Amino acid sequence: MECINAKFVSQKISKIRWRPVSSSTLQQPDIFATGSWDNEDNKVSLWSVGEHGFSKMDDDFEGDPQLLCEYQHNGDVLGLQTLSVAQHWDRAHHYPCDSAPCTGVVCNSPEIVTVGEDGRVILFRVDHKGILRTIDNADSSTIHAVTFLRTTEVLTVNSFGQLKLWDFRQQGNEPAQILSLSGDRVPLHCVDRHPNQQHIVATGGQDGMLCIWDVRQDSMPFSLMKAHSAEMWEVHFHPSNPDHLFTCSEDGSLLHWENSTNSDTPSFLQGGRNTSIMSRSTVVPVGGNQSLTSSWLGGDSSKVHLEATHMLPTQTLPVNSLDVLGQCLVCGTDGEAIYVNKRVPV
Amino acid sequence: MGEVDVDPIITLIPGIDSGQRHLGFAWGPGDLLTYETQYKSQGAGSVGQACPFVHVVRKDEDIYSPILRKLFNESHYIFVGLQRIKEEVPSKNKKPQFISISKNYRSVIRACMEELQQAAVSTHDTTLATQYGNQVSILLAVELIWNLCEVLFIEAAPAGALLRHLLDWVRLHKADVDEKAQEVLQSESPVQHQAYWDVVVCYVLQGRMEEAAQMLMKQASQQPAARAAYKLMDTLLTKMPVYSPGGTQTQTEFDVRWRQWHQECNRCLEDGSFASYSQLELICRILVGDEDTLLAQRERLSTWYHFLVTRLLYCHPIVKPTELHYYAQASMDMFLDARSGPEPLDSILLAAFEFDIHQVIKDCSIALNNWWFVAHLTDLLDHCKLLQSHNLHFGSNLREFLLLEYASGLFTHHSLWQLAVDYFDHCPEFGRVYLELQIERVPLDTEHKAVKVLRICEQRQMAEQVRSICKIMAKKALRNSRLGSALSWSIRAKDAAFATLISERFLQEYCSHGTFSDLDLIDNLGSAMLLSDRLTFLGKYREFHKLYGEKRFAEGARLLLSLMTAKIAPRNFWMTLLTDALPLLEQKQVIFSAEQTYELMRCLEELTADKAAQDADRPLQEDDIEATKVELLRLALARNLALAIVKEGTIEV
């Protein structure tokens, strides 16, 4: 806890993202962008958390984010992603008589996909001025978040508790697949894909439940965990250490989930066949070239061990957004504070 | 103590000439709406065109200042932490905690002040710079008052220790002597520096004996002839007894020693040991506590409360808290110019020295334009159990009244309303009511914000507000033809009536377009179907279509019939259902059994009987289509019945 720095920034933070560093350098990320919301003038700001050589244990003033630059933004910032080129597409999301909020954006250079409260999925290209493709009426309820599964496939979650898979290679406005929880139709607010295994997806919903899905299977989620007592706003797999998952929520907490399997053999030797039976059973150590099953899908609860730790000192106002890169975690809250932790145990 | 007189400030509204027409106004929660009325002022000549604008006048600009916003957020954090301190530990043991919380508040104020100071220096805009400068001086005063309240009320040190704290208080707020000292020390010849004696005397006035002695040593080394005098002064300075609470000496012992020292200083003066060195003599007179000398140092003291503390230091070091106000009043009278009355700040400080907490709070409320300071200070003092609870006519007690006022002011801000929620939570009597009224008026532009507001209401079991907010969002969604969104809002509010409305819309669309829109929604209703009858019907009807599409005619037929007989389907839809039954009746194989056909016929009869009763006056043309439909149905039903009876009557051999 000692290594977490808070800075009050006079704007409620709705989205926060690290600027990506190339994985070849062992550098820690030091620049992040924030978007504000609920202000009369909202801003997208760039901040730097500079490194001054060694980081000393008790030095609190190092790592205080410094503002680099700001840019005015119309309306609340609801989606943020780093790109190298900026463009402006006006009124891409709209209702018949009004503009509709765009709720999520994701990019896989050079393509950008956005989703909004009008239920549209729109595809842009960085160098293209106009809209590349729109899937009108993709959803009759609000789409809250979107993520890339493969280069041509995206996954969206909506306020009716459904995950929809869209394939851009197909024409037409129908999703390729729909997955949902049976029972209550609880809105899902966030979705993230496992960095190495494209079929594993984590979602968080209005009731604070964390669900892990296997997109190849049919509609049921693989596991459900009660994570928070209020809406979960963001879920992120750690990009280089996917056994770690981070979630943040309206109840003011940020949880760090660590998946450690209690078995003797190291995880890279644990394998299993890529069939539906094996992925639900215990992970059996098999040598040779088997495809690796993720520890997230291990079925036997005695072998899979999930630990959650609180990352923030106390819970007060909702945490809206978080981002993690390397050992650095940054999050923004409705208390107009940014928390930076440069020593996350991953 | 009378009320502090402050003249009302006149604000000119641009575009409105108050000399020409009367001004109309309406109060809002934190601001004022003004507009130009039709009524001419008396004696006005030709009146020009009326101003078409409505102006919003805000009294409190501070909440819109980006730097001060940090003050509100950080103090909110401290406030919530304070409320969570457990009640079981008795107040006495919590004193160090309260003191540290008070220090936290003050450090937040100081941080804000520094930032404002930097901004004032670096900005090019002169109005902005003056504004920042004003805010800095207000924050300075606020911190001064808070610090004094912390010393007198929360720390509540007894005689002896009290003076130490007061000295610290003064030193903290007169930091310019350190700057000057730096300047002097860094100059080539400190002794020759023009501010040298300034620094030394200021150190003595603040009771910083060691530093004064060190400075004097520089002078001593320069003037070997005066060595004796400087040595004597050094002794006097360093030998001054200092009371340490919790030390081995009692107050009486200290008193005795202090009197001895005081007599020693007096002797030095009378002996004339410093006769040839005017500055040293001055210092000695200060040590003796000579009033006239102290008054003569008006410039260096700069404030009456500095004068007070210095006087106490050199005349009455073991001043009791109860005696404080005599000295305070006397000091103020002596120091201040008799002609100009006391400033608001002076009256507040005097009230503090008199231990009149209520007067302090009252005066601060009037003098400041924002409830932040009084609300937080009163809350802290209340936790220290220092406020007598007397019930006010509004807001139950003083603490709650101030917190409610502060939080209501916050609610008018487009962004800080979220902080106000926590303040209302900690007002036991009226907090909930205020929150219920205010939370409904937060503008909801995006679903994201609506979800947050809803979560706040749900956590506090404000069912009515939840319903009303969900209804607003659902209506908005309906207006934009987002039926799925509207439905998910009704599900959240468990609003059966609205769900029925939405289902009607779906059914209407089906009737007009012939197909369902938003199949993904209807197909996956799940348990939400049970929210309203109409919704259940919609789900089941869609199921029928699916069964038909999969050619599972028998099941489809059963479902269709049950929809009518179980009265799930609304009456006006029966015709459509029966028309849907037509293709099933026309099939080669018999799908409806005889029983079922009888049922269908009965439904048809019910329907036509109703119709006949209702449309007695209707012209005949409209009935043509209806009549044809009914005839077709009757024919189909009859044929089906015949086939069914035959089929059921046949025995397989």
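How exposed is B:A156, as judged by its relative accessible area? B:A156 is partly exposed, with a relative accessible area of 43%, where buried means under 20% relative accessible area, exposed means over 50% and partly exposed lies in between, with a 1.4 Å probe and protein chains only.

This is a predicted model, in which local features need pLDDT of at least 70 and side-chain atom pairs count only at pLDDT 80 or more, whereas totals for chains, interfaces and linings use all residues. Residues are numbered from 1 along each chain as its sequence is written, chains are lettered from A and ligands numbered from 1 in the order in which they are written, and side-chain values use heavy atoms, with hydrogens and water left out.

## Two loop residues of chain B

B:A156 lies in the loop between α3 (126–155) and α4 (161–172) of chain B, the helices (H or I, at least four residues) and strands (E, at least two) being DSSP runs numbered from the N terminus. Although B:A156 is not a glycine, its phi is positive, at about 45 degrees. B:S481 also has a positive phi, near 60 degrees, in a residue other than glycine. B:S481 is found in the loop between α22 (463–479) and α23 of chain B, and with a relative accessibility of 42% it counts as partly exposed.

## Chain A

Chain A has 0 helices and 24 strands, and buried residues make up 53% of its 346 residues. Of the contacts in chain A with a separation of 6 or more, 52% are accounted for by residues 24 or more positions apart, a contact meaning heavy atoms within 4.5 Å.

## Where the chains meet

On the side of chain B, 44 residues are in contact with 50 residues of chain A. The size of an interface is often given as the accessible area lost when the parts come together. Chain B and chain A bury about 3,900 Å² between them, 46% of it on carbon and sulfur atoms; buried area is the accessible area (1.4 Å probe) that two parts lose on being put together, summed over both. In chain B, the residues that lose the most area to chain A are B:Y77, B:R455 and B:R482, together 16% of what that side buries.

Across this interface the rule finds 29 residue pairs in polar contact, both residues at pLDDT 80 or more. A polar contact is a pair of N or O atoms within 3.5 Å; within protein, one must be able to donate a hydrogen and the other to accept it, and residues adjacent in sequence count only if both atoms are side-chain atoms. The helices α1 (66–83), α19 (417–425), α21 (447–459), α23 (483–493) and α25 (519–523) of chain B each supply at least two residues of the side that touches chain A, and the largest share of that side, 9 residues, comes from α1(B).

## Salt bridges

The structure holds 48 salt bridges over all chains, and the count between chain B and chain A is 6; a salt bridge is a side-chain nitrogen of Lys or Arg within 4 Å of a carboxyl oxygen of Asp or Glu.

| Pair | Distance |
|---|---|
| B:R69 and A:E336 | 2.6 Å |
| B:R492 and A:E231 | 3.3 Å |
| B:K320 and B:E323 | 3.5 Å |
| B:R602 and B:E606 | 2.9 Å |

B:R69 lies in helix α1 of chain B and A:E336 in the loop between β23 (328–333) and β24 (337–341) of chain A, so the pair joins two chains. Both B:R69 and A:E336 are buried. By contrast, B:R602 is partly exposed at 40% relative accessibility, as is B:E606 at 23%; both lie in helix α29 (residues 594–614) of chain B, 4 residues apart, about one turn of the helix. A network of salt bridges links B:K103, B:R106, B:R110, B:E143 and B:E150.

## Nonpolar cores

The largest nonpolar core has 224 residues, and those with the most contacts inside it are B:L216, B:L287, B:W304, B:F353, B:F373 and B:L577. Such a core is a set of buried Ala, Val, Leu, Ile, Met, Phe, Trp, Tyr and Cys residues joined through side-chain atoms within 4.5 Å. The largest share of this core, 13 residues, comes from α3(B). Leaving aside residues up to four places away in sequence, B:F373 touches B:V142, B:I145, B:W146, B:C364 and B:L368.
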